[in-house]
Amino acid sequence: MSSLSEPSSSAMESMQEQFANFWVAKRSTLTTDSAYLLNIDLSVSEKGKSQILAISCSDKSVKLYNRDTLTLIREYTGIPGLLSGIRFAHTSENLLYSACTDGTVKCWDTRLPSS
C-alpha cells in the first residue's frame, strides 16, 4: 500500500497565489453543453491586471470570457485536433496560442472575431 506525500509548503503557497487571482463573479447555470474544460489562462495587461480568461474545451474550441463578469466574449472553433494547451503571449495581452495533440500551434488575436 503506497502513501501519498504531502505537498511542500512552497508548492501550496504557489497554488494559493495562483487561485487568489481568480474571482467568481457569478454562478453559471447548467447547460446542455457536454464540453469540459481542458486548460485555462489569464491575459495580463501592461498594468498587471488580467482582463480575459481563456479556456480550451474538449469540443475543440477556445472560449474567451471577461474575467470580472464571466461573460462570453468570443469562441474560436475549427481547431483540427484535441487541444493540449493554451497560453497568452508574454509580449502582448491580445495574442493567445493554442496547441493541439496533432502538433498544430495557432496564434489567435483576441481583438478579432476570428483569426
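A: Start with Leu-96. Leaving aside residues up to four places away in sequence, Leu-96 touches Ala-54, Val-62, Leu-64, Ile-86, Arg-87, Phe-88, Lys-106, Cys-107, Trp-108 and Thr-110. Contact here means heavy atoms within 4.5 Å.

A word on the source. This is a predicted model, in which local features need pLDDT of at least 70 and side-chain atom pairs count only at pLDDT 80 or more, while totals for chains, interfaces and linings use all residues. Residues are numbered from 1 along each chain as its sequence is written, and side-chain values use heavy atoms, with hydrogens and water left out.

Now the core. Leu-96 is one of the 12 residues of the largest nonpolar core. A nonpolar core is a set of buried Ala, Val, Leu, Ile, Met, Phe, Trp, Tyr and Cys residues joined through side-chain atoms within 4.5 Å. Buried means under 20% relative accessible area, exposed means over 50%, and partly exposed lies in between, with a 1.4 Å probe and protein chains only. In soluble globular proteins, nonpolar side chains tend to be buried together.

Which elements give two or more residues to this core? They are β2, β3, β5 (83–88) and β6 (95–100). β5 gives the most, with three residues. Strands are DSSP runs (E, at least two residues), as helices are (H or I, at least four), and both are numbered from the N terminus. Another core, of five residues, lies apart from this one; among its members are Leu-42, Leu-53, Ile-55 and Cys-57.

Next, the sheet that holds β6. Three strands form an open sheet in the order β5-β6-β7, with antiparallel pairing. Two strands pair if DSSP finds at least two bridges between them. β5 and β7 (105–109) are the edge strands, and each pairs on one side only. The twist averages 20° from one strand to the next. Angles like this run from 0 to 180 degrees between N-to-C directions, with axes fitted to C-alpha atoms. β6 and β7 pair over five bridges in the antiparallel sense. Leu-95 stands opposite Asp-109 in β7.

Now β2 and β3. They belong to an open sheet of four strands, ordered β1-β2-β3-β4 and paired antiparallel. β1 (37–42) and β4 (72–76) stand at the edges with a single partner strand each, so one side of each has no neighbour in the sheet. Here, too, the twist averages 20° from one strand to the next.

β2 (residues 52–57) and β3 (residues 62–66) pair antiparallel over five bridges. Ile-52 stands opposite Asn-66 in β3. Leu-53 has Tyr-65 of β3 as its bridge partner. Four residues lie between the strands of this hairpin, where Lys-60 takes a positive phi near 65°. β3 is mostly covered, with four of its five residues buried.

β3 also joins β4 through four bridges, and the two run antiparallel. Leu-64, one of the residues that Leu-96 touches, stands opposite Arg-74 in β4. The hairpin of β3 and β4 has five residues between the strands, and Leu-70 takes a positive phi near 60° there.

Last, the whole protein. Buried residues make up 28% of its 115 residues.
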